[in-house]
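Hi,

What I found is below it.

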Amino acid sequence: MQQFIIRRLLNMLLVLLLSSIISFVVVELPPGDYSTVLRGQLEAERLAPEQIEAQVKPVIERFALDKPVPVRFWRWFTSIVTFDFGYSMVMKQPIGDLLNERLALTMAVSFVTLVFVMVVGIAIGMFSAVKQYSGWDYLFTVIGFIGMATPNFLLALIILFVSVMVFGSTSVGGLFSAEYLFAPWSWAKLVDFLKHIWVVVVIIGTAGTAGTIRVMRAQMLDVLSEPYMDTARMKGLSSAKVYFKHGLRVAINPIVSSIGLSFPGIISGATIVSLVLLLPLVGPLLLDALMSEDMYLASTIIVLLTFALVIGNFLADLTLAWLDPRIRLEN
Amino acid sequence: MSHSDPGTQTETATVGSSSEDLSDLLVSQQVSYRQLLYLRFLRNKLAVAGFWILAILYVVALGAEFFAPYDKITRFGDILAPPRLPRFVDADGRFHLRPFVYAHEKGRDPETLRRTYVADTTERYPLGLFVRGDEYEFLFIKSNVHLFGVEGAEVFLLGTDNQGRDLFSRVIYGARLSTTIGLCGVAISLVLGIIIGMISGYLGGIVDQAIQRGIEVLLSFPSIPLWLALSALLPLDWSPRRIFFFITIILSILNWGSLARIVRGLTLSVKNEEYVLSARMGGGGRWWIIRRHFFPANLSYAIVAATLSVPEMILGETALSFLGLGLRPPAVSWGVLLQASQKVSVLGVAPWLVSPVAFVIVTVLAFNFVGDGLRDAVDPHSRF
C-alpha cells in the first residue's frame, strides 16, 4: 500500500509539473510579455515615463522577465505553488482576493455535482437493470440518451429560457439569495447556498448522470446473469441483500475507477454553466481575463483548476485502492 | 469490451424474422467481414435512423444555398420578427390544401415600444417549391432557385434575428461549419491517435511510458478552460477560414489522447495474439505485420471511438463560438447563432433565437446512435 501511495504521489507531482509547463507556454505564446502589456496600458493612461518605469520595473523583477525562459518558468511556478498570485493589473485587485472565494465555490459546486452524479446515476442504473424492459427502464434510457446529448451549457440556456418564458424571472437564482450575497459565511448562508445550488448541480450533472446510468445499467445486467447471484438467492437472502451486497459491489467498480476521469468534465461544465447563468464561480473571471488579455490571471486560473483536478484524481485513486484489493496489490 | 452496451441486449432480445433471414444468409453463403458489419449495423434501428438524419443533414448543409429559402446575409426590414409559419387555415376558418403565408405590417406597441408585426389577411401568398429568390453560386453554377419559398411575402420558419435575417436560412448555412468542424477535428485526432497509440503499444518500454504520461497530462486538463485560453490567443484580424482551421486544431488537441489510449490497448492485445506470432514466424517483417494485422484490427475500433467523439467536437465549437471565442461573425455556425440568445433580456423578447439548440441536440444524438450502432457492429462478441 505504501509503495502504491508513493508511486501515485510521484506520478501526481510529474503531472502537476508537466501541466504547469503547458499552462506556462500558453502565457508565453502571445507576442510580447506581461511588462509590454502593462507598459501599453500605462502609456494609454498618459503617465510620465518615470512613473511608467517605476510601475513596470517591479513586474519585470517579480516575474524575472529579463531572465531566460527556465528561470522565468521557475519564478512563475514557485509563486503559484506558494499561493502568492500577485496583483491583476486589469482588475486592479490582488489575484488572491479575486480568486479565493470563486475557486472555493467552484470546488464546492463541482464536488456536490460529483456526489449527485454518482448517487443518482448508480441508483437509477441499478434500478433500470433490475427492472429491465419495464416502463421505468425505457423512460430512464430515453432520458439518459437525451441527457447525454444535451451539453450542460445548452441545458442552462434552456432552463434560462423556460424560467424567463414561463416564470417571467430575469435571472436564474444564482447561488445565493440577495440578502446573503455579500454577507460573511454563516450557517444561514450555507443553508441558503444549499437551497440554491441544486439547480446548478442538476444542470452541470445531467450529462454525467446520464453516462453513469448507462454504464451502471450495463454492468449490473452483466452481474445479474452471474451464477453467484442465483446462489445468493438460493441461500435465501433477501432481494435487497442480493442486489446490494452481491450485485452493487461488483458492478460499481468501473464507475468508481472512472471518478477521476469524470472530474475534468464536471469542472469544465461548472466553468461554462457559470458563464451562461452568471454565477460567481471562476468561469466568468476566466472569460474576463481572456477577453482583456490578462494572460497571467487566466493561466493562474487554469493551473489552479488543473491542480485541483490532479489532486482530486490522486484522492480518487487512493479511495479506489482502499476499496479494491486487486488494485492495491497489483505489481 | 467490458461494458457491453445496453442497446445490444435489447436488440438481440427483440430481433424477429429479419434475424432468421440473416442467420439463413450467414449459413447459406460466405459473408465477408465488411458485409457482416453492414448487416449487424442494419439490425440497430436507432443507428440506422441516426445515419439517415446525418445523411440528410450533410446533404442539406452541402447544398445550403439551394435548401435555404434565403441567403444568409439577406436582411429584411423585419427585425426580430416571430416565426411566420406556412398555414393551411385562413382567417375565415377555411382550409386550403396548399400552404400559404400572409404579408405582415410593421408597427410599434405604443406602450412597450416593442416592434409588432400584424398579419394582413386580405391576400394569401402560396408556398411554392423551386421558387426563384436570392442569387447564389453553387459549384460554379449561378442560380436563384430555392427548394421552397414564397413570392410576394416572407416565410420565416424560425423568425428573424436582430438584423432582420431569416434564422432558418442561417441555421442551414451554420450547419455547414458546425458539422464539418467535428469531422475535420476527428480526422486530425484519428490520425494522431492511431499513429501515436500504435507506436506506444508496439514499441513499449520507455517510449510507451513517456507517451502514457503525456496523455495523462492532457487528459487531466479541464477542456473548456484550456480551449477558451487557446482560442483567446487567436488574433482578431485573422480571416474566418484561418480561424476555422485553428479552432479545429485546438479542439482536437485534447481529443487524440483518449483515442491513442484505446489504440494502444488494442495494439497490446493484438501483439500477443497467436496469428501475429505465426506471421512473425512465417517471416513477416515488422512493417508488414503493422500494416497487415495491427492497422486493420485497430482501424474499426478507432473509427468507432472517433464517431463517438464527433459530438464532443461539435459541442466544443458551439460552446466556444457561443462565448464569443470561437468562430466569429461573419462566419455562421450554430454557436455563433446562439450567441444572440446569451442575454436574458433578448431571450424574453425573441425566444425563437434559442432554436438552434434543437439542431445541435438532434445532430449530437444522431452521432451517438450511429456510434453505438457501429460499436456493436464491430464488437466480435456481439451475436446474431
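Predicted model: local features only at pLDDT ≥ 70, side-chain atom pairs only at ≥ 80, totals over all residues.

How are H6(A) and H8(A) oriented to each other: roughly parallel, roughly perpendicular or oblique?

Now the helix pair. Helix H6 of chain A covers residues 135–149 and helix H8 of chain A covers residues 187–224; they pack at an angle of about 135°, and their axes are 8 Å apart. Angles of 65 to 115 degrees count as roughly perpendicular and those over 145 as roughly antiparallel, so H6(A) and H8(A) come out as oblique to each other. Their crossing is left-handed. On the H6(A) side, the residues in the contact are Phe140(A), Gly144(A), Gly147(A) and Met148(A). From H8(A) they meet Thr206(A), Ala207(A), Thr209(A), Ala210(A), Gly211(A), Ile213(A) and Arg214(A). Sorted by class, that contact has five nonpolar, five polar and one charged residues.

H6(A) also packs against a helix of the other chain. With H15(B), the angle is about 115° and the axes are 8 Å apart. This crossing is right-handed. Here Phe145(A), Met148(A) and Ala149(A) of H6(A) meet Ile361(B), Val364(B), Leu365(B) and Asn368(B) of H15(B). The classes in this contact are six nonpolar, one polar and no charged. Note that Met148(A) turns up in the contact with H8(A) and again in the contact with H15(B).

Tyr133(A) has 13 other C-beta atoms within 10 Å, so it is partly exposed.

On to the interface between the chains. In total, 38 residues of chain B are in contact with 48 residues of chain A. On the chain B side, at least two residues each come from helix H1 (6–14), helix H7 (205–219), helix H8 (223–232), helix H12 (286–322), helix H14 (344–349) and helix H15 (356–378). H8(B) gives the largest share, eight residues. The chain B side divides into 26 nonpolar, nine polar and three charged residues.

Some overall numbers, chain by chain. Chain A has 331 residues, of which 36% count as buried, and its secondary structure comes to 15 helices and two strands. Of the contacts in chain A between residues at least 6 apart in sequence, 69% join residues at least 24 apart. One pair to look at in chain A is Ala308(A) and Phe263(A): they are 45 residues apart in sequence, with 9.7 Å between their C-alpha atoms. Ala308(A) sits in helix H14 (residues 295–323) of chain A. It has 18 C-beta neighbours inside 10 Å and therefore counts as partly exposed.

Chain B has 384 residues, 40% of them counted as buried, and contains 15 helices and four strands. Its C-alpha trace spans about 85 × 55 × 40 Å along the principal axes. Among contacts in chain B with a separation of 6 or more, 71% are between residues 24 or more positions apart. A pair to look at here is Arg34(B) and Val378(B), which are 344 residues apart in sequence but 9.6 Å apart in space, C-alpha to C-alpha. Arg34(B) is in helix H3 (residues 33–43) of chain B, and it is exposed, with 9 other C-beta atoms within 10 Å.

The domain assignment for chain B gives domain 1 (76–163) and domain 2 (169–378). Over C-alpha atoms, the centres of domain 1 and domain 2 of chain B are 39 Å apart. Eight residues from domain 1 of chain B and eight residues from domain 2 of chain B make up the contact. On the domain 1 side of chain B, these are four nonpolar, two polar and two charged.

Last item: which residues of chain B are joined by a cis peptide bond? They are Pro329(B) and Pro330(B), with omega about 15°. Pro330(B) falls in the loop between H12 and helix H13 (334–339) of chain B.

Cheers

Terms used. Residues numbered from 1 in each chain as written. Chains lettered and ligands numbered in written order. Domains from an automatic or database assignment. Contact = placed C-beta atoms within 7 Å. Nonpolar A, V, L, I, M, F, W, Y, C, P; charged D, E, K, R; others polar. Buried ≥ 20, exposed ≤ 12 C-beta atoms within 10 Å, placed from the backbone. Axes fitted to C-alpha atoms, helices over the stretch in contact; angles between N-to-C directions. Parallel < 35°, antiparallel > 145°, perpendicular 65-115°, else oblique. Left-handed = near helix turned anticlockwise from the far one by under 90°.
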